[in-house]
Amino acid sequence: MADLAYDASGPASSEPTGIALQQANRPFSSDNRGKLRVFISYSREDLNFADQLDAALSTYGFECLVDRHGISGGEDWKRRLGDLISEADTVVFVLSPSSAHSEICDWEVEEAARLNKRILPVNWRPLEGVSSPPRLRELNYIFFYEEPKLPGSGFGTGLASLIAALNTDFDWLREHTRYLQRAIEWDTGGRPANRLLSGDDIAEAKTWVARRPKGAPEPTALHLDFIRASEEEAEARLSEQRKQLEVVAGAQEAREKALNDREEALKQATDAQRRHLDFIRASEEKAEARLSEQRAQLKAVAAAQAAQQAALHYREDALKQATDAQRRRARIRNIGLIAASSLAAVAVLFALLANQQRITAEKQRHQADTILARATNIIGNLQFQMDIETKREAFALLQAGAEHGDSSSMANLGGAYHLGLGVAQDYAKAREWYEKAAANGNAIAMNNLGLLYAHAQGVAQDYAKAREWYEKAAANGNAIAMNNLGTLYAYAHGVAQDYAKAREWYEKAAAKGDASAMFNLGSLYKNGHGVAQDYAKAREWYEKAAANGDKDAKAQLDKLPN
């Protein structure tokens with residue numbers, strides 16, 4: 001017959017020692033995971049004592065399962081009793097003349113030994129010359145009756161000794177049972193990989209084996225096979241993951257090379273086209289210069305011919321006309337000088353007026369662009385508060401501003417596509433407009449490109465590209481990008497985990513008023529990540545974050561110790 005009880009470590013002395021009943025101080029639990037399970041092996045003739053022992057151990061917080069079924073022909077009793085023994089942390093064998101003769105009790109002892117269970121024999125009445133099972137002869141007995149050779153022995157002192165033995169190496173033996181149960185399920189299920197240990201559980205199991213207390217039962221061969229198979233499977237999974245990462249990295253490298261080659265080809269084609277256009281333009285200018293020179297030469301020839309004809313026609317009046325002409329030329333020259341001076345003054349005046357108009361127009365254009373950028377940012381910030389129709393109208397305004405060439409409109413138009421505000425969500429369109437805005441120096445767009453790559457939105461997840469865009473945005477003074485860089489280093493996204501670098505970026509963002517960065521600095525000091533744990537500093541940063549509108553910071557302040 002069988003009963004479940006909690007584990008015991010070393011052999012118990014039969015002498016009363018005044019040991020306190022330790023299990024009496026162990027709090028009862030609503031579940032059974034914290035209780036030691038004790039299997040009570042007994043003969044049918046000892047049922048009354050087994051019931052008394054069950055009641056006593058249950059009172060002190062142990063979980064006892066006593067098999068009270070009879071053994072009938074054709075029944076698979078070994079499976080039933082074997083399951084109870086495998087689930088137990090310790091086997092308490094009720095030793096008596098009846099159990100010493102019982103083949104079933106002897107089988108229960110052998111099964112417990114096969115599973116490396118701790119066995120504690122309790123002798124509740126004299127053996128009357130009967131030999132105990134061989135497995136029990138080397139163990140110390142705990143006497144529950146008045147043995148003349150052991151003064152002070154009896155039920156009370158025996159119970160105290162048994163409880164003290166059960167509480168020895170309590171936690172280690174509980175793990176012995178838990179790992180054995182896992183190993184049996186794995187073995188009987190055909191040893192599938194999905195029933196093995198994983199992650200930190202493997203290291204904990206290896207540590208459990210290494211710290212076996214002296215005198216505690218050794219792990220079974222099945223224990224060790226189970227842990228070793230778990231370790232090998234974890235290593236195989238890790239190796240496969242490494243291979244997959246290498247394949248992805250190779251594909252990414254090939255893709256980047258192809259993109260670089262394409263960009264270089266486009267650059268060379270553009271340069272060749274520009275040189276060709278420069279050559280055509282230079283050729284046209286040379287041809288125009290030659291044509292202009294030919295026109296001037298023709299005009300000179302025509303003028304010479306006209307002068308020659310006039311000289312022949314008026315040769316007779318040459319002297320008189322020469323004198324008159326000389327006087328007229330003098331007057332004309334004087335008039336021409338006066339007219340040229342006047343025209344030059346007028347030209348200078350017009351030039352000054354034109355330059356002033358150009359400066360005024362440039363100022364007006366700059367003011368218009370500034371107003372457009374501010375209006376665009378206001379629209380972008382208020383989009384979450386708009387109804388659907390207003391969002392669509394705002395989207396149309398952003399689209400007009402972007403087509404006008406305004407970088408803020410481009411960035412906010414990308415944000416509309418990114419979040420689906422006033423238009424269907426489209427990560428590809430968002431990236432297209434972010435890239436245009438970034439090319440015009442817009443730091444918000446640079447940060448948002450980093451978000452697309454970090455969160456695999458419309459592109460393959462690429463923390464290196466995300467970091468590249470965050471760094472560009474941070475170099476342009478964007479505080480959100482500085483906070484995002486800190487998060488990459490804090491959580492080892494695409495970089496080695498580096499809390500010092502994370503704190504450096506958080507502090508830069510916080511100096512620019514970023515509430516999320518202030519919250520993250522508070523978390524570093526609260527958890528002692530990269531700095532000495534300092535609740536006062538954590539509170540200081542959480543209060544700054546809350547003052548700047550971070551809702552989560554208030555909850556963290558309430559959780560900090562006073």
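Biologist: What share of the contacts with a separation of 6 or more comes from residues 24 or more positions apart?
Modeller: The share is 65%. A contact here means heavy atoms within 4.5 Å.

Biologist: How do you know how far to trust the model?
Modeller: This is a predicted model, where local features need pLDDT of at least 70, side-chain atom pairs count only at pLDDT 80 or more, and totals for chains, interfaces and linings use all residues. Residues are numbered from 1 along each chain as its sequence is written, and side-chain values use heavy atoms, with hydrogens and water left out. pLDDT is the predictor's confidence in each residue, from 0 to 100. Its mean for the protein is 79, and 76% of the residues reach 70 or more.

Biologist: Where does pLDDT stay under 50?
Modeller: One such stretch is residues 1-33, for which the model has 135 contacts beyond four places in sequence.

Biologist: What makes the strands a sheet, and in which order do they lie?
Modeller: Two strands pair if DSSP finds at least two bridges between them. β1 (residues 37-41) and β2 have three bridges and run parallel. β1 and β3 have four, also parallel. Six bridges join β3 to β4, again in parallel. The order is β2-β1-β3-β4-β5, an open sheet.

Biologist: Why are β2 and β5 called edge strands?
Modeller: β2 (63-65) and β5 (142-143) each pair on one side only.

Biologist: Which residues stand opposite each other?
Modeller: Phe39 is opposite Leu65 in β2. Ile40 faces Val92 in β3. Leu95 stands opposite Asn123 in β4.

Biologist: Why is β3 described as largely enclosed by the rest of the structure?
Modeller: Buried means under 20% relative accessible area, exposed over 50%, and partly exposed in between (1.4 Å probe, protein chains only). Six of the six residues of β3 are buried, so β3 is largely enclosed.

Biologist: Which way do the side chains of β3 point?
Modeller: In a regular strand the side chains alternate between the two faces of the sheet. Thr90, Val92 and Val94 point one way, and Val91, Phe93 and Leu95 the other.

Biologist: What makes a nonpolar core?
Modeller: It is a set of buried Ala, Val, Leu, Ile, Met, Phe, Trp, Tyr and Cys residues joined through side-chain atoms within 4.5 Å. The largest has 51 residues, and Leu413 and Tyr542 touch the most other members. Apart from it lies another core, of 24 residues, among them Phe144 and Phe170.

Biologist: Why is Ala492 called partly exposed?
Modeller: Its relative accessible area is 35%, so Ala492 falls in the partly exposed class. Ala492 lies in the loop between α15 (479-490) and α16 (499-511).

Notes:
Helices (H or I, at least four residues) and strands (E, at least two) are DSSP runs, numbered from the N terminus.
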